[in-house]
Amino acid sequence: MSTRAMGPGAGLGWLKNAINLGRHNAKAVFGAVALMALVALVPSLVQLLLQQGLGVGPQSMLMVAGLLTLAMIVVYPLLVGGMLRVIHASENGQPTHATALFDTFRAGNGAGRLIGFGVLLTAIYITVFLAVIMAVGKDFLSWYMQVINLSLQAGDPSQLPALPALPEGFGTLMALGTLVGLFFGGIYAIGFGQITLAGRTIGEALADGVGGTLKNLLPLLVLAVVVFVAMIVLMIVVALVGGLLMLIGGLVHQSLALLLLAPVYLGMLLVMYVVMFGVMYFMWRDVCGDPPPTADADHVEA
């Protein structure tokens, strides 16, 4: 299976289509994203319960965090595959529903390949990122561990003591890390799409992901710049709206202000999740999948 090279404007097309995602079956797409967000919250809730409710110490918390991270490395690829299938069905007029997100957890739905690809890509990413750290930011890991220990000891983020000075080469490391993350984002989108929607093996999906990303570095870069600018604008708008709601609610009671503010931030996170997975799907579709239909089909919701 060959991959296609898209023009520079393709990145804008992926973002535009992602923003319009769910127009055919909003209940299924947004419902699946909401379920996925709830699953993603589980590790944080477990850590909060252990730390605040049971008083687990910093060293034990590090071990718990590590175990939860390993668990999510296994679970998250299944959720990604399920999310892409929900989007694919919605965009192609096939019946689907929010709980179809969990279909990949059942036998015969490629769970092994999804987990294997996720673990492999995570291992490669960590290896590459560590190589970058060793090359330009050798003190980063020790600085990062200091920050983690301080945060665990403080317990309350608002009481976090002064952070240690940034290590030498931090700016260069962040710039290179961003480029590495962008490249792996392309591999991630194409590779998971190939496994989930095209039935490719782990090796084939990785090869398609690398090849497809290399052919589409320019549209990926354009997409990254546009998303960066859009995020700044979005954060300003949300901050203004949130500040206004806090002011209005605060006139009555502080709890009312928080009650008014919560839906704004939760809604923003939900939309960001939908757009992120939409970009993944439409990038895969343009680079590897079938061309989009010329006419809208009737879309049915199960």
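This is a predicted model: local features need pLDDT of at least 70, side-chain atom pairs count only at pLDDT 80 or more; totals for chains, interfaces and linings use all residues.
M280 lies in helix α9, where helices are DSSP runs of H or I with at least four residues, numbered from the N terminus. M280 is buried, with a relative accessible area of 9% (buried means under 20%, exposed over 50% and partly exposed in between, with a 1.4 Å probe and protein chains only). M280 and W14, although 266 residues apart in sequence, are 8.1 Å apart in space, C-alpha to C-alpha.

## The largest pocket

M280 is also, with G181, G185, Y188 and M276, among the residues nearest the centre of the largest pocket, whose lining has 44 residues. A pocket is an open set of points on a 1 Å grid over the protein atoms alone, where a 1.4 Å probe fits, with protein on both sides within 12 Å along at least five of seven lines, and lining residues have an atom within 4 Å of a point.

Helix α6 gives the largest share of this lining, 10 residues, and by class the lining has 36 nonpolar, eight polar and no charged residues (Ala, Val, Leu, Ile, Met, Phe, Trp, Tyr, Cys and Pro count as nonpolar, Asp, Glu, Lys and Arg as charged, and the others, Gly among them, as polar).

## Basis of the values

Residues are numbered from 1 along each chain as its sequence is written. Local features need pLDDT of at least 70 and side-chain atom pairs pLDDT 80 or more, whereas totals for chains, interfaces and linings use all residues, and side-chain values use heavy atoms, without hydrogens and water.

Notes: Helices (H or I, at least four residues) and strands (E, at least two) are DSSP runs, numbered from the N terminus.
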